[in-house]
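Please look through the sequence and the model shown below before reading on. The report that follows takes up the chain as a whole and then some of its parts.

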Amino acid sequence: MTALWRDRTGAFSWLRTVALVAAIAPALWLVWLALTHDLGSRPINAAIHFTGTWTIRFLIATLAVTPLRVLGRWPKLIGIRRYLGLTTFGYAALHLTLYILDQHFDLIHVAAEIALRFYLLIGFVAFIGLCILAATSTDASIKRLGAQRWTKLHKAIFILTPLAIVHAFLQAKIDVTDATIIAAFAVLLIALRLLKRYGNAENPVAVAAVALGVALATALIEAAWFALLTGVDPRLVLEADLDITMARPVWYALGAGLLVTLIAIVRRNARRKAGQGQPMRVRTA
Ligand code: HEM
């Protein structure tokens, strides 16, 4: 078996090493918080929140690999996709285990809670989806299923990501800031994939337009959520969005949008330069 920090050829890979450290760091941090009694008065509940947060972060990171690979022309990024996917599964499994621990391993009660509470049911369906994707992530599975069927199956990530996001929204109840940021990133990444489908994946103007659209939608959806749940005037939420010091979800959406637009611009300029450097083609009769 190849060491986790090496690529398929056996050479040391910085990318895989960074991904490995990023995958392990939150778990180590959680162990540290537990050992130093820094998880508050309900440590298991705090750990459930911690692992849920990291599950969804790694899910978004997994989803980001393909659009960033296309936009930034970084083929090597594919080398960490499976890694990130399995890390997502690992944190999700820990998240569920902690929930079962919180219910004193009473599996009948756990099953009843999942069946009765909609947000748990959605989270559970997303978790089953992750189990299937993790179980079929090996080279042997790709061979057995055939590349086309495997790719089709792994498109399930586009179903389980919205389920996971709805789970995060519903459990958050009133403060949906984190869930909104995650939702904005997911929509941006899916929109970038759609741009690729329509042949505009590397066009900076199209990328910027998508980024602005996602930021605007983020602000409107958050305002609508507050209005529906708390009756807060949506104008107040939109006004708060204009305050950069408040780090509202819309600023995260804009930041991510700016980043992908910059990558598209830098790549376009690099392409143009490379084109100028090419020897002129002389037409022959
Ligand atoms: C892919 C699957 C899942 C993802 C991505 C996920 C993600 C999350 C996230 C992001 C949070 C909120 C963390 C925070 O804001 O502090 C959360 C909370 C929670 N999740 Fe999950 N989750 C998943 C599956 C499950 C499953 C299967 C269960 C249990 C059956 C579960 C039970 C909980 C509970 C109990 C909370 C805390 C709710 C509260 O304290 O009110 N999750 N999850």
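## Contacts along the chain

In the protein chain, 64% of the contacts with a separation of 6 or more are made by residues 24 or more positions apart. The model is a predicted one, and its secondary structure comes to twelve helices and zero strands, so that reading along the sequence gives the pattern α-α-α-α-α-α-α-α-α-α-α-α.

The C-alpha atoms of the protein chain fill a box of roughly 80 × 55 × 40 Å along the principal axes, and of the 285 residues in the chain, 29% are buried.

The domain assignment divides the protein chain into domain 1 (1-172) and domain 2 (175-273), and the C-alpha centres of domain 1 and domain 2 are 23 Å apart. Where the two touch, 17 residues of domain 1 and 19 residues of domain 2 take part in the contact.

On the side of domain 1 that touches domain 2, the elements giving two or more residues are H2 and H8, and H2 provides the largest share of that side, with ten residues. By class, the residues on this side of domain 1 are twelve nonpolar, four polar and one charged.

## The largest nonpolar core

The largest nonpolar core has 62 residues, and those with the most contacts inside it are Ile60, Ile182, Ala186, Leu188 and Val214. Several helices give two or more residues to this core, among them helix H2 (43-72), helix H9 (177-197) and helix H10 (204-230), and the core draws at least three residues from each of domain 1 and domain 2.

As a general background, nonpolar side chains tend to be buried together in soluble globular proteins.

## Around the ligand

The ligand is surrounded by 25 residues, of which the closest are His49, Gly52, Gly123, Ala126 and Ala164. H2, H3, H5 and H8 each supply at least two residues of this shell, and H2 gives the most to the shell, with eight residues. Sorted by class, the shell around the ligand holds 15 nonpolar, nine polar and one charged residues.

## Helix H3 and its end

Just after H3 comes His104, which takes a positive phi of about 55°.

## Two residues compared with the cut-offs

Ala140 lies in helix H6 (residues 139-145). Ala140 counts as exposed because it has 8 C-beta neighbours inside 10 Å, and the cut-off for an exposed residue is 12 or fewer. Ala140 and Val18 are 122 residues apart in sequence, and their C-alpha atoms are 26 Å apart in space.

Leu238 lies in helix H11 (residues 234-241), and because it has 15 C-beta neighbours inside 10 Å, Leu238 counts as partly exposed. Leaving aside its neighbours within four places in sequence, Leu238 is in contact with Ala219 and Ala223, while the C-alpha atoms of Leu238 and Glu222, which are 16 residues apart along the chain, are separated by 8.8 Å.

Technical notes:
Residues numbered from 1 in each chain as written. Predicted model: local features only at pLDDT ≥ 70, side-chain atom pairs only at ≥ 80, totals over all residues. Core = buried A, V, L, I, M, F, W, Y, C linked by C-beta atoms within 7 Å. Buried ≥ 20, exposed ≤ 12 C-beta atoms within 10 Å, placed from the backbone. Helix = DSSP H or I, 4+ residues; strand = E, 2+ residues; numbered from the N terminus. Domains from an automatic or database assignment. Contact = placed C-beta atoms within 7 Å. Near = placed C-beta within 6 Å. Nonpolar A, V, L, I, M, F, W, Y, C, P; charged D, E, K, R; others polar.
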